[in-house]
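Here is a walk through one model, feature by feature. Have the viewer open and follow along.

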Amino acid sequence: MSDEFQEEGTKEIILPDKFKANEVKELLRIIYIYRTKEGIPPDEINEENCHYLLCLAQEFQMAKITKIFEDCIVKIMKESFSAKKNPDIIAELVFAETYNLKKLKQASIELAQSLTLQELKKQKDYDKISSDNLQEIMEGMPNNLPKVFSIGLTFNPPMADKESNREPQDFTQPWKSSDVVLVVEGEKLHVHRAVLTLCSPVFETMFTSEFQEKEKKEIPLPHKKAKEVKELLQVIYPTIERKPPDEIKEDNCHYLLSLAHEYQMAAITQRCENFIVKTMKESFSTKKDPDIIAELVFAQTYNLKKLKQASIELAQSLTLPELKKQKGYDEISPQNLQEIMERMITRLQSQLSEAKRSLSYCDKRPHEIVGFTGPDENIASIQEPSRSSQR
């Protein structure tokens, strides 16, 4: 012990009342087993002692022992879940948050994502989950909808053989136990609170917090277009048979991204952004002159890093006149415009250096170059190449 502690040289150390004698005894027994044997026998750590042993081990900064107890809790929880014994997953998650147990936290979130929303809310300590962990659980739940959707609704996975040619759901009539109506441009769209809650933190807050929409049967969505909201619903609903290439297209990707961004649907926002980047690059490579700067301005508006980077990379390969003719040029942020200009200058400097090397070679060996008329004429003919000549 350090000289700074009064316990230095003391034969008896009194632990505070928060420690229980039987728990400290159990920890000491485990420590001595761990030190004198190769590992701790499996039956020494169980459901009854693993939590308080971990608390004590962490209190006294016993990192290796803490890890052993954490691994044990994860193992017990997973075995209980696989045996359908309904372990307290969320209580374990809150325990992991309290003691910063990364492995237990991740395991708890993964199991929680396979629950239905109703099952999740019934879990012990649901109200104590941190907002970040709750969001991660909610974002992962839609991926499991086809397997676990059993919250009183009657969804059935569509049969591809029989229903692949059906018309897309238009939501204008009640269907499959729909329980709330979105009113858009006077048109009523029948949907399900559970689906919207799982896909959107905004709707989740609307339906579960003390907002007036919590109990309302009809929810108006002002300043939205019915056609666009329908398209978004057709993308997020797990029961609608639509092939992925048909969901997001050139004529809907921008407004779908705008809606998904507003309702914090991260996965759909990412899919739309990836589609826009892919389409823009394909169009550029086939010389169809996409609206690169308009896409950059769109990326600025919605903070889309991948689209922003792709737009800047393509924009720097334009000539200055081509750049200034682009739609939205006056709306480029100063920072992004500076980055484009710096990249253009770097490119032109590289081309100029290459041209100088070529001219130096011409000067030295003019007789080997067909049609050589002298350095002055060749220098005069060098201009900044346009985008089409670069490719």
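Q: Let's start with Tyr237: is this residue buried or exposed?

A: The general idea is a cut-off on relative accessible area: buried is under 20%, exposed is over 50%, and partly exposed is in between, using a 1.4 Å probe and protein chains only. Tyr237 is buried, with a relative accessible area of 3%. Before we go on, two ground rules. This is a predicted model, in which local features need pLDDT of at least 70 and side-chain atom pairs count only at pLDDT 80 or more, while totals for chains, interfaces and linings use all residues. Residues are numbered from 1 along each chain as its sequence is written, and side-chain values use heavy atoms, with hydrogens and water left out.

Q: How many aromatic pairs are there in the whole structure?

A: A pair of aromatic rings is described by the distance of the centres and the angle of the planes. Here, rings of Phe, Tyr and Trp (its six-membered ring) pair if their centres lie within 6.5 Å; planes under 30 degrees apart count as stacked, over 60 as edge-to-face and the rest as tilted. A search of the whole structure turns up 8 such pairs. One of them is Phe171 with Trp175, edge-to-face at 5.7 Å centre to centre and 70 degrees between the planes. Both Phe171 and Trp175 are buried, Trp175 at 12% relative accessibility.

Q: And how is the pair of Trp175 and Tyr237 arranged?

A: Trp175 and Tyr237 are tilted, with 5.4 Å centre to centre and 45 degrees between the planes. To place them you need the element names: helices (H or I, at least four residues) and strands (E, at least two) are DSSP runs, numbered from the N terminus. Trp175 sits in the loop between helix H9 (160-163) and strand E1 (180-184), and Tyr237 in the loop between helix H12 (226-236) and helix H13 (244-247), so the pair ties together parts that are 62 residues apart in sequence. Ring pairs link Phe171, Trp175 and Tyr237 into a cluster.

Q: Now charges. How many salt bridges does the structure hold?

A: The criterion is a side-chain nitrogen of Lys or Arg within 4 Å of a carboxyl oxygen of Asp or Glu. The structure holds 12 of these. Take Lys103 and Asp71, whose closest N and O atoms are 3.0 Å apart. Lys103 is in helix H5 (residues 102-112) and Asp71 in helix H3 (residues 63-82), so this bridge ties together parts that are 32 residues apart in sequence. Lys103 is partly exposed at 45% relative accessibility, and Asp71 is partly exposed at 24%.

Q: What separates Lys75 and Glu79 in helix H3?

A: About one helical turn, as they are 4 residues apart. Their salt bridge has its closest N and O atoms 2.9 Å apart. Another case is Glu354 with Arg357, at 2.5 Å from N to O. Both lie in helix H19 (residues 334-364), 3 residues apart, about one turn of the helix. Salt bridges that share partners also join Lys67, Asp71 and Lys103 into one network.

Q: Which residues touch the most other members of the largest nonpolar core?

A: A nonpolar core is a set of buried Ala, Val, Leu, Ile, Met, Phe, Trp, Tyr and Cys residues joined through side-chain atoms within 4.5 Å. The largest one has 56 residues, and Leu182, Leu233 and Ile236 touch the most other members. Helix H16 (residues 292-302) gives the most to this core, with 7 residues. Apart from this core lies another, of 39 residues, among them Ile31, Phe69, Ile73 and Ile90.
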